[in-house]
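Below are my notes on the model, as numbered points. Please read them alongside the coordinates.

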Amino acid sequence: MKNFTKKQQGLSFDFIAPIYDLLASVASLGEIKRSRDALLPYLPNVKNCLIIGGGGGDVLEYLLKNKKAEKLFFIEVSPKMLYKAQKKLNKKMPQEANKVQFILADFTDFKNPITFDLIVANYFLDLFPEKESNNFVAQIRRMLAKDGLVLCADLYNSGYGFLKKQIFRFILFLIYKLFKFTSHLTNTELPPIPELFIKNNFKSLSSKYFFFGILRSDIWKK
Ligand SMILES: C[S@@+](CC[C@H](N)C(=O)[O-])C[C@H]1O[C@@H](n2cnc3c(N)ncnc32)[C@H](O)[C@@H]1O
């Protein structure tokens, strides 16, 4: 396994890996899955796609089935999550498995040998404080080919309405507490994800909102 940066050394989704998808589905009444899937049909077919923190590999199946990428790179820091995604793929689409390169590594240390036409980063940036999250968005930009796209579904704080804000704060509190105990997550505040993409000169081509507007999915263009 690669060297881990000190900050992420403790963060591990291994413990929660077996139940992560079920938990996300039950807690969000299926809206997390819907937010991940909603913009997939609008993606063009590309040559190289990178999936960052791909978890159990939920979007892999769609991308392969619909020939959205000739070659896919799936980077995950949790061995159990990566194994789960690999196992699912080998079981459901063994004939497509050779199109996916699984990389067990911290994205921070990832040195890309090629540029990517599409990068998928679902429910990944919310794990980090604003500064680190911004560094990741900048890293994503550097790894993208000209006119490359990013698909990003994540938590979203619209900031509108007193009651909505309070409910959102409470939900966030519960989510971050859960991941603190199960995954040793140290972050406690949601970074302003859309603002970070805009700050890094991305343009949103399409946005959709889910679960009373607290989940947001975007396609960002470099
Ligand atoms: C909240 S889960 C989201 C999984 C999946 N993308 C989804 O939409 O359900 C975040 C994932 O990012 C992975 N992860 C966290 N930090 C990472 C890093 N620095 N490099 C690569 N993967 C990372 C975790 O192991 C975990 O599987």
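**Notes on the sheet, its helices and the ligand shell**

1. Lys 203 stands opposite Lys 221 in S7. Leu 149 also stands opposite Lys 221 in S7. Two strands count as paired if DSSP finds at least two bridges between them. Helices (H or I, at least four residues) and strands (E, at least two) are DSSP runs, numbered from the N terminus.

2. On provenance: this is a predicted model, in which local features need pLDDT of at least 70 and side-chain atom pairs count only at pLDDT 80 or more, while totals for chains, interfaces and linings use all residues. Residues are numbered from 1 along each chain as its sequence is written.

3. Strand S7 (residues 215-221) pairs with S6 in the antiparallel sense over seven bridges. S5 and S7 are likewise antiparallel, over seven bridges. In S7, Arg 216 stands opposite Tyr 209. Six of the seven residues of S7 are buried, so the strand is largely enclosed by the rest of the structure. Buried here means that 20 or more other C-beta atoms lie within 10 Å of the residue's own; exposed means 12 or fewer, and partly exposed is in between, with C-beta atoms placed from the backbone.

4. S6 and S7 form a hairpin with four residues between them. Phe 211, in the turn, has a positive phi of about 50°.

5. The whole sheet is open and mixed, with seven strands in the order S3-S2-S1-S4-S5-S7-S6. Strand S3 (100-104) and strand S6 (203-210) are at the edges with a single partner strand each, so one side of each has no neighbour in the sheet. From one strand to the next the twist averages 15°.

6. Two helices lie across the sheet. Helix H5 (residues 79-92) lies across strand S2 (69-76) and S3, and runs at about 165° to S3. Helix H6 (residues 130-143) lies across strand S1 (46-52), strand S4 (116-120) and strand S5 (144-155), at about 145° to S5. Axes are lines fitted to C-alpha atoms, for helices over the stretch in contact, and angles run from 0 to 180 degrees between N-to-C directions.

7. What does Leu 82 touch, leaving aside residues up to four places away in sequence? The contacts are Glu 76, Phe 102 and Leu 104, where contact means C-beta atoms, placed from the backbone, within 7 Å. Leu 82 lies in helix H5 and is buried, with 24 other C-beta atoms within 10 Å. Its C-alpha atom is separated by 9.4 Å from that of Asp 14, 68 residues apart along the chain.

8. The ligand is surrounded by 20 residues, the closest being Gly 53, Gly 55, Ser 78, Phe 107 and Asn 122. A residue is near a molecule if its C-beta atom, placed from the backbone, lies within 6 Å of it. The shell divides into nine nonpolar, seven polar and four charged residues. Ala, Val, Leu, Ile, Met, Phe, Trp, Tyr, Cys and Pro count as nonpolar, Asp, Glu, Lys and Arg as charged, and the others, Gly among them, as polar.

9. Leu 29 is not a glycine, yet has a positive phi of about 55°; its place is in the loop between helix H2 (20-27) and helix H3 (31-37). Asn 201, in the loop between helix H8 (193-199) and S6, has a positive phi near 65°. Leu 29 counts as exposed, with 11 C-beta neighbours inside 10 Å.
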